[in-house]
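Subject: Structure for you to look at

Hello,

Here is the structure for your files. My notes come after it.

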Amino acid sequence: MAIHTPPVAVFDLDGTLADTAVDLVGTLNVILDREGLAPLPVDDARDMIGAGARALIQRGFEAAGKELAPAYLDDLFRQFMVHYGENICVKTRLFPGVRTALRRLDAAGFILAVCTNKVEEHSVKLLDALGVSHLFAANCGRDTFPYFKPDPRHLTMTVERAGGHPGRAVMIGDSRTDIVTAQNARIPCIAVPFGYTDVPVQELGPDLVIEHFDELFAAVENVLKPMAA
Ligand SMILES: O=C(O)COP(=O)(O)O
Ligand SMILES: [Mg+2]
């Protein structure tokens, strides 16, 4: 079956496009401090990122050795969302080469999209602050659809919302969640090794690993080639 829509490159956000760890852990530490708990060093907490803010709080409290009742977690989550929303781009930066790589894909006719476990409002706000939101045809967060990563429908619905077809798309991510999501959606996955993961991404079975965004364009062409054949 020939697919006539342009190819779609779908990006994870935290740990892939942007190094968000300092601001995310900064907010986590504000919440821990309000509970009388010691802050976590960013290096210890960065691999807790990737499954959304609720999971980050849960993992942070686990690391601090404190139990959290579900109703209380809801309350802390609301506090987290307010504080993080107001401090979303204090230290957060795009990884080297991201802007150039996005422009190159855009110029070559790719549709670009974001599929993140951040809530959509925060994803839009952050990409605005980083000056790249205009490059994305769709920006889909954890709350955009009734499904979120690792559910493959978060990814396939992102591709469709961007105006593309899941049969001609590629996912770029930093974690097991992204790789499993892409595999279950039958979409090839390119992994970056500089994001947030407790297991080296090479061991998680991505189709390709790139060390720098300068390598992205060639990698995307590589994984899409078998589909065009
Ligand atoms: O954990 C988060 O807040 C979101 O993570 P993601 O952008 O890597 O999906
Ligand atoms: Mg990520």
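Below are the source of the model, the annotated site and the domains.

This is a predicted model, in which local features need pLDDT of at least 70 and side-chain atom pairs count only at pLDDT 80 or more, while totals for chains, interfaces and linings use all residues. Residues are numbered from 1 along each chain as its sequence is written, and chains are lettered from A and ligands numbered from 1 in the order in which they are written.

An unreviewed UniProt entry lists Asp12, Asp14 and Asp174 under "binding site"; such annotations may be inferred rather than shown by experiment. These residues are spread over 163 residues of sequence but cluster in space, with a largest C-alpha distance of 8.2 Å.

Asp12 sits in the loop between strand E1 (8–11) and strand E2 (18–19). Asp174 is in the loop between strand E6 (169–173) and helix H8 (176–184). (Helices, of at least four residues, and strands, of at least two, are DSSP runs numbered from the N terminus.)

Asp12 counts as buried because it has 30 C-beta neighbours inside 10 Å; the cut-off for buried is 20 or more other C-beta atoms within 10 Å, with C-beta atoms placed from the backbone. Asp174 is also buried, with 26.

Leaving aside neighbours within four places in sequence, the contacts of Asp12 (C-beta atoms within 7 Å) include Cys115, Ile172 and Asp174.

An automatic or database assignment divides the protein chain into domain 1 (8–19 + 92–228) and domain 2 (21–86). Their contact takes 13 residues from domain 1 and 10 residues from domain 2.

Regards

Key: A residue is buried if 20 or more other C-beta atoms lie within 10 Å of its own, exposed if 12 or fewer, and partly exposed in between; C-beta atoms are placed from the backbone. Two residues are in contact if their C-beta atoms, placed from the backbone, lie within 7 Å.
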